[in-house]
Amino acid sequence: MAVYAIAFVAYAIDLARRSAVATRAADEAKAAAAAGVATADSPVAVGASAGAGAPAGAVAAGGPGGSTPTSAKPASGTVRGAASVAYGKSPALRVGVAMTVIAWALHLAADVTRGLAAGRVPWANMYEFALTGTLVITSVYLLVLVVSKHDLRFLGTFVTGLVLVLLGVATVNFYVVVAPLPPALQSAWLVIHVFVATSATGFLALGFALSVVQLLQARRESLVASAKAVKQNFLATLPDSATLENLAYRVIIIGFILWTFTLMAGAIWAEAAWGRYWGWDTKEVWTFIIWVVYAGYIHARATRGWRGSRSAWLAIIGFSTVLFNFTVVNLFFKGLHAYSGL
């Protein structure tokens, strides 16, 4: 957790530096635009244009239509591009990624040693599931950094922050000593079902982080479009909201496929353990609710044209149901799936 905390601080410093770079890029863009307007309105420029047959007043007004020169107000994409170019490679960002890799390695070692101590896979209770689940979230984040054509390192603040909170809560509130497995869990399906569920959670968590950033970026873009004053911050160096939405959609699709398999594997395991595929147990119901929410998200976006903020909120609600299923359902609802270990 200490190494994750260092990574989180490094990512936070990177975001602060991005804000400074974005502000500087915006100031330079405004200065360049002002210089362009002054040049266009100078007597020499006006005289030359009038001599070429164009009315001097039209030139001074920005054209025959009397519109404002396009260079007077740089577009949001221009500022974002300038900020991205000026940003370059951040030492804090490299430190954050390096610390995340080190934290992931230590995290993996802790998870493996817990499994060795228990003599089984380390996800039979809430503490072990949180330990493994946060490891998978970090693994998915690092994997996406490698395979994605977009630079998604800026998500490090959100990912390491989420992992820190979940690990902290698990360590303080969910920790239990190693205990034997209940008879119903002594099955190969424990390995398959829970591993796929944790993998799905990792992808859905990344989609959640992308959706949060998408909402922030969309709000900023709406302010820019309405010609309101916008305080430059780290969002100016990030991809636009449409790109973030597409990335979130792709990641959530993978998570949804894995969650579908989780639901199917759980039903098969239930039949083997209790003699029925479905019994409307609280955990079963909430697993199905999560599937329905994400199925609705995919359907609404793909066929109903729900784009932008509406799809982002659906993704956030979906991950909220995942967290509710892991915490509230495990702690406060009784049923055949009461394996919190507390």
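**View 1. Helix 10 and its cover.** Helix 8 (189-225), helix 9 (241-274) and helix 11 (309-332) are among what covers the buried residues of helix 10. The model shown here is predicted. Buried residues of helix 10 include Lys-283, Glu-284, Thr-287, Ile-290 and Val-293. Further along helix 10, Tyr-294, Tyr-297, Ile-298, Ala-300 and Arg-301 are buried as well. An α-helix has 3.6 residues a turn, so residues three or four places apart point the same way.

**View 2. Helix 10 from its first residue to its last.** Helix 10 covers residues 282-303, 22 residues in total. From its first C-alpha to its last, helix 10 reaches 31 Å, close to the 32 Å expected at 1.5 Å a residue. Just after helix 10 comes Gly-305, with a positive phi of about 75 degrees.

View 3. Phe-288 belongs to helix 10. The relative accessible area of Phe-288 is 34%, so Phe-288 counts as partly exposed, a class that lies between under 20% for buried and over 50% for exposed.

View 4. Ser-241 is a residue of helix 9. Ser-241 counts as buried because its relative accessibility is 13%, and the cut-off for buried is under 20%. The side chains of Ser-241 and Glu-221 are joined by a polar contact of 2.6 Å. With neighbours within four places in sequence left aside, Ser-241 is in contact with Gln-214, Gln-217, Ala-218 and Glu-221.

Notes. Residues numbered from 1 in each chain as written. Predicted model: local features only at pLDDT ≥ 70, side-chain atom pairs only at ≥ 80, totals over all residues. Heavy atoms only, no water. Helix = DSSP H or I, 4+ residues; strand = E, 2+ residues; numbered from the N terminus. Expected span 1.5 Å × (residues − 1). Buried < 20%, exposed > 50% of the residue type's maximum accessible area, 1.4 Å probe, protein only. Contact = heavy atoms within 4.5 Å. Polar contact = N/O pair within 3.5 Å; in protein donor to acceptor, adjacent residues only side chain to side chain.
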